[in-house]
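Hello,

Here is the structure I promised to pass on. Have a look at it first, and then read on for what turned up.

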Amino acid sequence: MKLSRNTQLAIVVPASATKREEFASQELSKYLNKLFPGICIEIGADVKTNTTTIFIGGPERNSAVAAYISEADFDALVQNRYSESYLSDSRHCRPRSQFC
């Protein structure tokens, strides 16, 4: 994805966005505006434009995402990408799989 000051960008949130999803979209917009002053960002659930698009939420929450990827494929993608990630507690770090 290429962004510049003249980019038109859509941040697509779920139709019934949670407070966290709303916060994520607003924070993303705020920091992109700092990096690219003048960038045109539209946030909403029904953004229908031919612009660069960033989706907030997985296919189970965001119907726009579901049009591109199934829940099973999304879950597999997330699991494969973050299978080596670590969660920490106050004592030490250990692989996520050891918490379950």
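This is a predicted model: local features need pLDDT of at least 70, side-chain atom pairs count only at pLDDT 80 or more; totals for chains, interfaces and linings use all residues.

To get your bearings, start with the overall layout. The chain has 3 helices and 5 strands, and from the N terminus on its elements run β-α-β-β-α-α-β-β. Of the 100 residues in the chain, 23% are buried. Among contacts with a separation of 6 or more, 62% are between residues 24 or more positions apart.

Next, the sheet. An open sheet is formed by 3 strands, in the order β2-β1-β3, with parallel pairing. The edges are taken by β2 (40–44) and β3 (52–55); each has a single partner strand, so one side of each is left without a neighbour in the sheet. From one strand to the next, the twist averages 20°.

If you zoom in on β1 (residues 8–12), you will find that it pairs with β2 in the parallel sense over 5 bridges.

Finally, follow helix α1 (residues 19–35). This helix packs on the sheet and touches β1, β2 and β3. The direction of α1 makes about 180° with that of β2.

Note on methods. Residues are numbered from 1 along each chain as its sequence is written. Side-chain values use heavy atoms; hydrogens and water are left out. Two strands pair if DSSP finds at least two bridges between them. Helices (H or I, at least four residues) and strands (E, at least two) are DSSP runs, numbered from the N terminus. Axes are lines fitted to C-alpha atoms, for helices over the stretch in contact, and angles run from 0 to 180 degrees between N-to-C directions. Contact means heavy atoms within 4.5 Å. Buried means under 20% relative accessible area, exposed over 50%, partly exposed in between (1.4 Å probe, protein chains only).
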